[in-house]
Amino acid sequence: MNVTSEEQRLIEARAGTGWRAWGPYLSERQWGTVREDYSEDGDAWAYFSHDQARSRAYRWGEDGLAGVCDDKQRLCLALALWNENDPILKERLFGLTNAEGNHGEDVKEYYFYVDNVPTHSYQRMIYKYPHAAYPYEDLVRTNAKRSRTEGEYELLDTGVFSDNRYFDVEVEYAKSSPDDILCRTTIHNRGTQAAPIHVLPTLWFRNTWSWAPNDPRPRLSRVVGDHLVVSVEHHQMATMQLHAEPGGELLFCENETNAQRLWGGDNATATVKDGIGDFVVGGVTAAVNSTGEGTKVAAHVRFMVPAGASVSYRVRLSGAPDSAADGAPFVGFDEIIATRRAEADDFYDAITPDSVDGDAKAVMRQALAGMLWSKQYYNFDVDLWLQEHGAHPLRSPTRRGSRNESWFHMINDDVISMPDKWEYPWYAAWDLAFHTIPLMMVDPDFAKGQLDLMLSPAYLHPSGQIPAYEWNFGDVNPPVHAFATLLVHTLDEATSDGANVDLTFLKESFAKLLINFTWWVNRKDPSGRSVFEGGFLGLDNIGVFDRSKPLPTGGRLEQADGTAWMALFSQNMLDLALILSETDPAYEDFVVKFLQRFFWIAAAMDPIGEHPDEMWDEEDGFFYDVLRLPDGSGLRLKVRSLVGLLPLCATTVFDPAVFARFPQLRATVLQYLQRNGDLLVNIPDPLQPGANGRHILSLVNEHKLRRILERMLDESRFLGPHGIRSISRWHLEAPYTFTAGGEDFIVQYEPGESTTGMFGGNSNWRGPVWFPVNLLIVRALLQHYEYYGDAFTVECPTGSGTQMTLFEVAKEISDRLIGTFLADADGRRPVNGDAAAFATDEHWKDLVLFYEYFHGDTGAGLGASHQTGWTGVVARLIQLFGHLDAESVLRDGGRPLAQPYRRITDEPLGDASTARLSR
């Protein structure tokens, strides 16, 4: 099969070449993280601040601006800038801490992940840097004055970009070979007057030697000669060289803490981490090492950039000495970058359906670029960290109650897909499962590796729990790894036409998922009735109470979403067992096990008869959480939210051939229904064939499905202009109130930022649109369409008089989600809200940010501004509905969300390939 150049590199990477050895694995914020927190009170934000970051050596990782590093972060390359007005070098992104922001932590910079490919052979991002002094104090002071009911004070609001007085700093990386990395920084002056800028590509070693005395100190040293060349020596790496373009100067210092500045103490070395900044900004000549060596070096050059003009500066980091273009590092440099950029065009052309227009194509590409830029080396030896805190539970002396004290088995030392490398520079388990969906479009091996990582012994708790996130690894996230594993396998199988399917991955994943399933059953079903709890389950403030804390009423919460998640988990495990049974009959017992488990859950969610303490409310046509009081009585908490929509998502469809291949399965189902049919009258008959003879397992029968969709597709309730809202808009005028202990607990529709401080106050599930759950709803609609076919129609929107099939409803929701990012006739993208620059300025309007969540009424982006992670699933929606039609879903079935795409063309692709093969 002919392939693109980038696909060829992926093939070579799978064979063991080092194309992935270097990438954008550098964090954008290491300060303020749990890893770096050695405080007594666990206040990570206060213990290690942004102000300290330029002067204080990190313990567990590094951060930088537009940076790359090797896959163990031994050596880092990033950019520093100075506009001759700022009080410090711009070496890292600035943002507010959780306490400083009126809606929690928030980066206050404008930067855009424009392009990237899975081997990182071409990468491009843009950072907007003002001519004037960056308004650090103004941002902190003004945001501190604002309440939770007010909007956030953003960098554009300060006026620092007025009259286009800023630089577009365009940073490109290209690889000539796996260990030959070219970096070109182009400075575009967007203003009407000439302006100065200092550009400092900076190379440094992560400080490991201060924490491990026997770890040799690596060296960076100037190579004697007429050129700007630095020798790079590290005992765990091959010798490298950094070549800097003529016109600059090399500045050396040590990546060591400036104890004198921070605490008035003595420094361990003559030069320290902030030495280059002190030299450039403060003119302190003694701050850099005059002998030309250290563990940190910058190639420093100053430009006066004319109005409207551009300048560039180039560096090249290469393997063995003189390997860079045979000793002429800048000969052919720009041509290599141009070639890699053209190859990136080829790569994305191959995975983009022809029906996708230019704007949607650009959104899809930027979403995938953001996914790839959001990889980060994550280093956290929890065992050692607990020892250093004197808090290891198996070692004495110890102090109890330390964060993550039961997770001492964990040693994290991997490149992981992050939710947002500034706001959330740590992995989150259920986010990561959704990350694999768009990642499968470009890098299936990496996607599978991420799932495998979370189930590996260094991550998965011995009890079977999957780690949540570093603030509390023991928090409970929705069990979506089986869903992601099934989807990844199905895509992998379809892409390879069933050849070379990785059954080893599937078997190993199944075994570990079985342990995790057992953990859920043993820990989160206290009554033993298949009614599950779980706490906040990733939905933060969606509930009446903080669902991760003891209830003010006592008792416990029986959660409709937790129970629905476990129904979906059961279905996913059943599907995986069916796949494995095709080659190993030993898995047939698991098919029966998980089928029975699903039936038990279904019966528990809506038992026979009408009871006030069951989750399904027949009068409302909706599922609710049930508050189980200490006396055993229960009552529904009637908040109409995603909690009640998630049971719709617990759906799977079987081809009729399944019963033919597994006659025991049909017999088991029949036997179970004969014994327990009365318990299952409220779900579809699993033996009743639907469209094309298919069978369905679902928590909702046709009656329930219609009742739920009537509310979900009502534009005055759940169906917003840009997707399904997290809480019904009906609660705007009819807030839900629950009184306990003399206190009123109120849930009201809030389409924008949260007005409460629950879970830090930096997310809101009480109205906004969240892409991952919307994706699950789209999947559920497609699954139901496979079963019911064209004969089943509903009014969409409710009250409109327009009847749609479930496929059309799925596409309608998908179109609304995608439309969040598309420009309208006036050039405005809903995601940008009222920001005029993004609507009218040619240098802003085509740069797209992928936020954490979106305003329920306007689609404006909210929360973390670079959470391409799970919002990146928009790329999969664009691709999916760019080639999928209703006829093929009914004809082919097979989990429509997992249908791959690759365009067929006989057009030449330059040197890369001459044809593309697709499905």
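A salt bridge is a side-chain nitrogen of Lys or Arg within 4 Å of a carboxyl oxygen of Asp or Glu. The model is predicted, so local features need pLDDT of at least 70 and side-chain atom pairs count only at pLDDT 80 or more, while totals for chains, interfaces and linings use all residues. Residues are numbered from 1 along each chain as its sequence is written, and side-chain values use heavy atoms, with hydrogens and water left out.

By the salt-bridge rule, the count comes to 71. One of these joins the side chains of Lys108 and Asp106, with N and O 2.7 Å apart. Burial is judged by relative accessible area: buried means under 20%, exposed over 50%, and partly exposed in between, using a 1.4 Å probe and protein chains only. Lys108 counts as buried because its relative accessibility is 2%. Asp106 has a relative accessible area of 5%, so Asp106 is buried too.

Another salt bridge is formed by the side chains of Glu254 and Arg217, at 3.2 Å from N to O. This pair links distant parts of the chain, 37 residues apart. Glu254 lies in the loop between strand E14 (249–253) and helix H5 (259–263), and Arg217 in the loop between strand E10 (195–205) and strand E11 (219–222). Helices (H or I, at least four residues) and strands (E, at least two) are DSSP runs, numbered from the N terminus. Glu254 is buried, at 7% relative accessible area, whereas Arg217, at 35%, counts as partly exposed.

A further salt bridge holds Arg717 and Asp714, whose closest N and O atoms are 3.4 Å apart. Both of these residues are buried.

The last topic is a pair of helices. Helix H10 (residues 429–442) packs against helix H20 (residues 771–788) at an angle of about 60 degrees, and their axes are 11 Å apart. That angle makes H10 oblique to H20; angles under 35 degrees count as roughly parallel, over 145 as roughly antiparallel, 65 to 115 as roughly perpendicular and the rest as oblique. Axes here are lines fitted to C-alpha atoms, for helices over the stretch in contact, and angles run from 0 to 180 degrees between N-to-C directions.

Which residues of H10 and H20 meet? Trp430, Phe434 and Ile437 in H10 meet Pro772, Val773, Leu775 and Leu776 in H20, where contact means heavy atoms within 4.5 Å.
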